[in-house]
Amino acid sequence: MAIEDYKGVFVFVQQVDGVIMNVSYELIGKGIELAADLNTEVTAVLLGHNVEGLCPNLARYGANKVILVDDPA
């Protein structure tokens, strides 16, 4: 992989008991502003277990990509 593959704005999404915290949506919004200045994309990173159903909400709020790390730990 080249260094160009590592560009972008990443937002780590906080969820508690399967509910995304509002601050995560706010951070996606700020990430969109920053990404526009940098001419890049916003990637939301969601950690949790059985939270795949939350991914579409992150896309609706403007994340260009969503990375889901599903692990019971």
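**Note on the predicted model**

1. The structure is a predicted model. Ser-24 is buried, as its relative accessible area is 1%. Apart from neighbours within four places in sequence, Ser-24 is in contact with Val-11, Phe-12, Val-13 and Gln-14. Between Ser-24 and Leu-46, which are 22 residues apart along the chain, the C-alpha separation is 10.0 Å.

2. The dimensions of helix H1 may be considered next. H1 comprises 17 residues, and the distance from its first C-alpha to its last is 25 Å, close to the 24 Å expected at 1.5 Å a residue. Ser-24 is one of the buried residues of H1, together with Tyr-25, Ile-28, Gly-31 and Ala-35. These residues lie on the same side of H1 because they cover an arc of only 110° around the axis.

3. Against which elements does the buried side of H1 pack? The buried residues of H1 pack against E1, E3, E4 and H2. On the face turned away from that buried side, H1 carries the exposed residues Asn-22, Glu-26, Lys-30, Ala-36 and Asp-37.

4. Asn-39 follows H1 and has a positive phi, near 55°. Asn-39 is located in the loop between helix H1 (22-38) and strand E4 (42-48). With a relative accessible area of 65%, Asn-39 is exposed. A second residue other than glycine with a positive phi deserves mention: for Asp-17 the value is near 55°. Asp-17 sits in the loop between strand E2 (15-16) and strand E3 (19-20), and Asp-17 is exposed, with a relative accessible area of 77%.

5. Is strand E4 largely enclosed or largely open? Because six of its seven residues are buried, E4 is largely enclosed by the rest of the structure. Thr-43, found in strand E4, is buried, with a relative accessible area of 6%. Leaving aside neighbours within four places in sequence, Thr-43 is in contact with Val-9, Phe-10, Val-11, Lys-65 and Ile-67.

6. The partners of E4 are described here. Strand E1 (residues 9-13) pairs with E4 in the parallel sense over five bridges. Within this pairing, Val-11 stands opposite Ala-44, and Val-13 stands opposite Leu-46. E4 also pairs in the parallel sense with strand E5 (residues 65-70), over six bridges. There the bridge partner of Ala-44 is Val-66, while Val-45 stands opposite Ile-67.

7. E4, helix H2 (residues 55-60) and E5 together make a right-handed β-α-β unit.

8. Which residues form the covered face of E1, and which the uncovered one? The covered face consists of Val-9, Val-11 and Val-13, whereas Phe-10 and Phe-12 make up the uncovered face. As a general rule, the side chains of a regular strand alternate between the two faces of the sheet.

9. The largest nonpolar core has 15 residues, of which Val-13, Ile-20, Ala-44, Leu-46 and Leu-58 touch the most other members. At least two residues of this core come from each of E1, H1, E4 and H2. In general, nonpolar side chains tend to be buried together in soluble globular proteins.

10. Leu-46 is among the core residues that touch the most other members, and Leu-46 stands opposite Val-13 across the pairing of E1 and E4. When neighbours within four places in sequence are left aside, the contacts of Leu-46 are Val-13, Gln-15, Val-51, Leu-54, Cys-55, Leu-58, Ile-67, Leu-68 and Val-69. Among these contacts, Val-13 and Leu-58 are also named with Leu-46 as core residues that touch the most other members.

Definitions and conventions:
Residues numbered from 1 in each chain as written. Predicted model: local features only at pLDDT ≥ 70, side-chain atom pairs only at ≥ 80, totals over all residues. Heavy atoms only, no water. Helix = DSSP H or I, 4+ residues; strand = E, 2+ residues; numbered from the N terminus. Buried < 20%, exposed > 50% of the residue type's maximum accessible area, 1.4 Å probe, protein only. Pairing = 2+ DSSP bridges. Right-handed = clockwise from strand over helix to strand, strands pointing away. Core = buried A, V, L, I, M, F, W, Y, C linked by side-chain atoms within 4.5 Å. Contact = heavy atoms within 4.5 Å. Expected span 1.5 Å × (residues − 1). Arc of directions from axis to C-beta.
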